[in-house]
Amino acid sequence: MSVDFMNPASFLLLLLIPLLYTFRKIKVFNQISLPLSFSDWNGWVFTWNDKFRKFVSLFAEILCLAGYVAIVIALAEPVVHHQERVYTSRGTDVMFVLDTSPSMAARDINGVTRIEAACSTIDKIVDANPGASYGLVVMGSQAAVVVPVTNDKETLKSRLETITIGLMGEGTAIGTGLSTAVYHMKSTVAKRKCIVLLTDGENNAGEIHPETACGLAIKNGIVLYTVGIGTKGTVPLEYVNPITGKNYSGYLDSNFDSTGLEQIAVAAGGRYYSVETVSAMNMALSSIIKKQDVVQSYYMKTIDEYYYQNVLAVAIVCFILAWIIKRIYLKEFM
């Protein structure tokens with residue numbers, strides 16, 4: 001990142017500041033003013049008797065000066081140059097399968113719910129690894145593709161914000177979720193494909209067994225990773241059913257058997273991760289993306305961001321604040 005100015009000659013206007021103060025010092029272009037005040041009068045010639053008001057008056061002058069400097073900078077047309085990678089070859093296709101069953105509302109991952117921790121971690125991973133393509137399947141008693149595998153990271157990130165507990169029912173249909181992901185990935189042309197299942201329970205719904213879905217992944221050359229989320233023991237749980245609007249609150253006995261998740265992950269060329277903290281989840285997903293990473297060709301593209309309007313807005317705010325201080329607080333006629 002670098003900062004540049006399209007019209008640097010405008011900075012010569014800053015020379016007017018010392019020039020004006022020099023002229024005033026030698027009584028040339030001296031400011032003609034007749035300050036009036038309805039408070040704190042201190043004799044024949046007006047001065048502020050209150051030290052705090054002296055400070056406020058000086059602060060108002062500084063705001064006016066800052067406003068002028070901001071206008072000069074705006075006239076110089078500041079621009080920030082960013083370098084961005086533009087990939088010319090396809091990277092790894094990654095499909096996240098996210099459990100939205102009620103148990104994912106348990107608040108035992110660094111003070112947030114399991115589903116919140118999963119969504120925020122996916123968001124960070126997508127930003128940190130822009131070369132891959134990502135998709136999202138949500139899973140409950142049923143499963144559905146929310147975002148097909150795409151390079152449009154912003155669409156995925158925005159949809160993550162809409163995920164709620166109970167969105168796809170109250171069960172955990174792992175086999176259905178995985179087979180849905182396989183079905184939508186099998187026709188893509190990426191060199192590497194992987195599915196990342198994030199869940200906190202065992203398969204208890206759906207008509208497709210997880211092992212059957214695992215076989216489909218193997219047949220289509222898709223690597224499978226499973227991530228078991230949550231701590232063991234009694235954990236607090238609270239959520240609102242999105243269909244009925246009913247509020248559920250209580251405690252969950254968290255202690256599921258991860259054997260099945262481990263078996264299908266190993267069988268499909270991946271591995272199982274158990275995570276109990278946000279940092280552990282971040283490390284797990286980062287490790288998965290790194291293992292499935294492929295060499296991509298790319299070129300660097302320069303993106304320019306212009307800040308003329310932003311700096312001008314700062315100038316306007318400075319002048320407004322100075323006017324408020326002088327006219328309303330100090331009660332000076334400007």
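Thr212 counts as partly exposed, at 46% relative accessibility, and the residue sits in helix α6. Its C-alpha atom is separated by 9.5 Å from that of Ile264, 52 residues away along the chain. The model is predicted. The protein holds nine helices and 11 strands. Its radius of gyration is 31 Å, well over the 20 Å that the globule rule gives for 334 residues, so the protein is more spread out than a compact globule.

**Helix α6 and its surroundings**

- Helix α6 covers residues 210-219, and its buried residues are Pro210, Ala213, Cys214 and Ala217.
- Seen down the helix axis, the buried residues of α6 fall within an arc of 105°, so they line one face of the helix.
- Glu211 and Lys219 are exposed on the other side of α6.
- The cover over the buried residues of α6 includes two helices, α5 (174-185) and α7 (259-267).
- Thr212, also in α6, falls in the partly exposed class at 46% relative accessibility.
- After α6 comes Gly221, which has a positive phi near 65°.

- Asp200 is found in the loop between β6 (193-199) and α6.
- With a relative accessibility of 5%, Asp200 counts as buried, because the limit for that class is under 20%.
- Asp200 and Ile229 are 29 residues apart in sequence, while their C-alpha atoms are 4.8 Å apart in space.
- Ile229 is also among the contacts of Asp200 once neighbours within four places in sequence are left aside.

**Tyr239, in strand β8**

- Tyr239 belongs to strand β8, residues 233-240.
- Its relative accessibility is 9%, and Tyr239 therefore counts as buried.
- Leaving out residues up to four places away in sequence, Tyr239 touches Pro102, Ala105, Ile165 and Glu170, as well as Lys246, Asn247 and Tyr248.
- Tyr239 and Phe55 are 184 residues apart in sequence, and the distance between their C-alpha atoms is 53 Å.

- Glu77 has a positive phi, near 55°, and is a residue other than glycine.
- The position of Glu77 is in the loop between α2 (51-75) and β2 (78-87).
- Glu77 is partly exposed, its relative accessible area being 36%.
- Asn110 is not a glycine either, and its phi is positive at about 55°.
- Asn110 lies in the loop between β3 (93-99) and α3 (114-128).
- The relative accessible area of Asn110 is 52%, so Asn110 counts as exposed, the limit for that class being over 50%.

**Ser279, in helix α8**

- Ser279 is placed in helix α8, which runs over residues 278-291.
- At 48% relative accessibility, Ser279 counts as partly exposed.
- From Ser279 to Ala60 the C-alpha distance is 47 Å, and the two residues are 219 residues apart in sequence.

**Whole-chain values**

- The C-alpha trace spans about 95 × 50 × 30 Å along the principal axes of the protein.
- Of the 334 residues, 41% count as buried.
- Among contacts with a separation of 6 or more, 79% are between residues 24 or more positions apart.
- The accessible surface comes to about 18500 Å², and carbon and sulfur atoms account for 59% of that surface.
- There are 28 positive and 29 negative side chains in the protein, and the centres of these two sets lie 8 Å apart.

Notes: Residues numbered from 1 in each chain as written. Predicted model: local features only at pLDDT ≥ 70, side-chain atom pairs only at ≥ 80, totals over all residues. Heavy atoms only, no water. Helix = DSSP H or I, 4+ residues; strand = E, 2+ residues; numbered from the N terminus. Rg over C-alpha atoms; globule rule 2.2 N^0.38 Å. Buried < 20%, exposed > 50% of the residue type's maximum accessible area, 1.4 Å probe, protein only. Contact = heavy atoms within 4.5 Å. Areas by Shrake-Rupley, 256 points an atom, 1.4 Å probe, with all protein chains shown as cover. Lys, Arg positive; Asp, Glu negative; His and termini not counted. Charge placed at Lys NZ, Arg CZ, Asp CG, Glu CD. Arc of directions from axis to C-beta.
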